[in-house]
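Subject: Structure handover

Hello,

Here is the structure you were expecting. My notes on its pockets and helix packing follow below it.

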Amino acid sequence: MLNLPKSTELRKPLPKAQIYRKFQLTNAQQTKFDSDISRIDIVNEISSRTIPAIQEGEKVKSIYVLSVILKTKDFDNKNIERIAKLIPQNLVFALQFEEEIQLAVFCEKLFTTEWMLETKAAIEFSGLNFDEVWENIIKKIEGGEWNNDLTLEENIEIKEKQEKLQKEIERLEKLARKEVQPKKKFELVNQKRKLEEELKKLI
C-alpha cells in the first residue's frame with residue numbers, strides 16, 4: 001500500500017468506540033462519524049527502526065500511516081481531525097473509498113490531495129532526516145507553493161490567511177453582483193480590491 005517498504009507494515013485496528021469515549025461525542029456526532037467511516041487501522045510505521053537509511057529528526061522521530069475506509073466521499077473533515085487529535089503522532093491518512101484514495105495530513109489544519117486510483121497513490125520520502133521527510137510530505141499533500149525561506153509553521157499560517165482572504169473576496173464579489181445601489185456596489189468593489197491587494201502580498 002502507498003508503495004511503502006514491507007518493513008514498515010503493521011496492522012493495528014483503532015476502534016471507533018475509543019474515539020467516541022475520548023471526545024465524548026453526542027449520539028448525533030457518533031451517528032455522523034459512523035456514517036462517514038467504516039474502519040480505521042494503523043498500517044505503517046515509518047521510522048529509523050523500519051527504514052534505517054533515514055535518521056531521526058530533532059522533532060520528528062516517526063510517522064504513522066492510518067488507513068481510513070470511508071462510506072462516502074462527502075465526509076466531514078472534523079471526523080478526520082478528531083482521529084488526528086486522538087493520536088499524538090505525526091500521521092498520514094490514506095482515506096479510501098472503493099477503489100480510490102485521498103491522502104491527508106493534519107498540521108494546524110487538514111490538507112488533502114485530490115482523489116486518485118489506489119494503484120497511483122504513494123508516499124515519497126525526500127530528506128536526510130524525518131524532520132525533512134515530514135515537512136516534504138506535508139508540502140506534497142497540500143500541493144501549493146511554499147516559501148523555502150520560512151518555517152513550516154510560518155508557511156501554514158500564511159496559507160490560512162490566504163484561504164480566509166480568498167473566502168472573503170468571493171463573498172464580497174457575490175454581494176457586489178447582487179447589489180443594485182451604485183454607492184453600495186462601489187463600496188463593496190473597493191473592499192474587494194483592497195483584500196485582493198492584501199492577498200497578492202502574501203503570495
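The largest pocket in this predicted model has a volume of about 380 Å³. Its lining consists of 15 residues, and Glu145, Ile158, Lys159, Gln162 and Leu202 are the ones nearest the centre. Helix 5 (152-178), helix 6 (182-202) and strand 6 (109-112) each contribute at least two lining residues, with helix 5 giving the most, 5 residues. Sorted by class, the lining has 7 nonpolar, 5 charged and 3 polar residues.

The second largest pocket holds about 290 Å³ of space. Of the 13 residues that line this pocket, Lys59, Val60, Trp134, Leu152 and Glu153 lie nearest its centre. Two or more lining residues come from each of strand 5 (100-107), helix 4 (130-142) and helix 5. Helix 4 has the largest share, 3 residues. The classes here are 6 nonpolar, 5 charged and 2 polar.

On to the helix packing. The axes of helix 1 (residues 16-23) and helix 3 (residues 77-86) cross at roughly 85 degrees and come within 10 Å, which means that helix 1 is roughly perpendicular to helix 3. Helix 1 makes this contact through Gln18, Ile19, Lys22 and Phe23, and helix 3 through Arg82, Ile83, Lys85 and Leu86. These residues comprise 4 nonpolar, 3 charged and 1 polar.

Helix 2 (residues 27-36) also packs with helix 3, at about 95 degrees and with the axes 10 Å apart, so helix 2 is roughly perpendicular to helix 3. Gln29, Lys32, Phe33 and Asp36 of helix 2 meet Asn79, Arg82 and Ile83 of helix 3. That contact has 2 nonpolar, 2 polar and 3 charged residues.

Regards

Terms used:
Residues are numbered from 1 along each chain as its sequence is written. This is a predicted model: local features need pLDDT of at least 70, side-chain atom pairs count only at pLDDT 80 or more; totals for chains, interfaces and linings use all residues. Side-chain values use heavy atoms; hydrogens and water are left out. Axes are lines fitted to C-alpha atoms, for helices over the stretch in contact, and angles run from 0 to 180 degrees between N-to-C directions. Helices (H or I, at least four residues) and strands (E, at least two) are DSSP runs, numbered from the N terminus. Angles under 35 degrees count as roughly parallel, over 145 as roughly antiparallel, 65 to 115 as roughly perpendicular and the rest as oblique. Contact means heavy atoms within 4.5 Å. Ala, Val, Leu, Ile, Met, Phe, Trp, Tyr, Cys and Pro count as nonpolar, Asp, Glu, Lys and Arg as charged, and the others, Gly among them, as polar. On a 1 Å grid over the protein atoms alone, a cavity is a set of points where a 1.4 Å probe fits but cannot get out, and a pocket is an open set with protein on both sides within 12 Å along at least five of seven lines; lining residues have an atom within 4 Å of a point. Grid points are joined across faces, edges and corners, and a volume is the space filled by probe spheres set on the points.
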